[in-house]
Amino acid sequence: MWAEALKRDRLASYRFIVEGHADPRGTSEGNLVLSRERAESVKRYLVDIHGIAPVRLAAEGKGTSKGAAL
């Protein structure tokens, strides 16, 4: 569903940030790496499978900060 929305002409000029998060288990450093990998994985999926231009997407890992689910 998200990929279809990103393909629409109405959103073609927009850029988006894909955020990855982790729960509080594990170390802060490990969770940051995990969250970055999650965000990169979603970006690769949108680019490789759905043809979204990679320049329109930025991947950011947030670790356990900024509203991560518990």
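Which residues line the largest pocket? The lining is made up of W2, L6, F16, I17, V18, E19, G20, R38, A39, V42, L46 and L57.

## About the model

This is a predicted model, in which local features need pLDDT of at least 70 and side-chain atom pairs count only at pLDDT 80 or more, while totals for chains, interfaces and linings use all residues. Residues are numbered from 1 along each chain as its sequence is written, and side-chain values use heavy atoms, with hydrogens and water left out.

## Overall layout

Starting at the N terminus, the elements follow the order α-β-α-β, giving two helices and two strands. Helices (H or I, at least four residues) and strands (E, at least two) are DSSP runs, numbered from the N terminus. Along the principal axes, the C-alpha atoms fill a box of roughly 40 × 20 × 20 Å.

The protein has 70 residues, and 26% of them count as buried; buried means under 20% relative accessible area, exposed over 50%, and partly exposed in between (1.4 Å probe, protein chains only). Its accessible surface is about 5,200 Å², with 55% belonging to carbon and sulfur atoms. Those areas come from the Shrake-Rupley method with a 1.4 Å probe, and for residues only the protein chains shown count as cover. Among contacts (heavy atoms within 4.5 Å) with a separation of 6 or more, 68% are between residues 24 or more positions apart.

## The largest pocket

Back to the pocket, which holds about 180 Å³ of space. On a 1 Å grid over the protein atoms alone, a cavity is a set of points where a 1.4 Å probe fits but cannot get out, whereas a pocket is an open set with protein on both sides within 12 Å along at least five of seven lines; lining residues have an atom within 4 Å of a point. Grid points are joined across faces, edges and corners, and the volume is the space filled by probe spheres set on the points.

Three elements, α1 (2–7), β1 (16–20) and α2 (28–48), each supply at least two lining residues. The largest share, five residues, comes from β1. By type, the lining has nine nonpolar, one polar and two charged residues. Here Ala, Val, Leu, Ile, Met, Phe, Trp, Tyr, Cys and Pro count as nonpolar, Asp, Glu, Lys and Arg as charged, and the others, Gly among them, as polar.

## The nonpolar core

A3, L6, V18, A39, L46, I52 and L57 form the largest nonpolar core. Helices α1 and α2 each supply at least two residues of this core. Such a core is a set of buried Ala, Val, Leu, Ile, Met, Phe, Trp, Tyr and Cys residues joined through side-chain atoms within 4.5 Å. In soluble globular proteins, nonpolar side chains tend to be buried together.

A3 belongs to helix α1 and counts as buried because its relative accessibility is 6%. Leaving out neighbours within four places in sequence, A3 contacts L46, H50 and I52. The C-alpha atoms of A3 and L46 are separated by 6.4 Å, although the two are 43 residues apart along the chain.

## Strand β2 and the segment after it

G61 sits in strand β2, and its 18% relative accessibility is why G61 counts as buried. Beyond four places in sequence, G61 touches G20, L32, S35 and R36. Its C-alpha atom and that of N31, 30 residues apart along the chain, are separated by 8.7 Å.

K62 lies in the segment after β2 (57–61). With 15% relative accessibility, K62 also counts as buried. Setting aside neighbours within four places in sequence, K62 is in contact with E19, G20, H21, L32 and S35.
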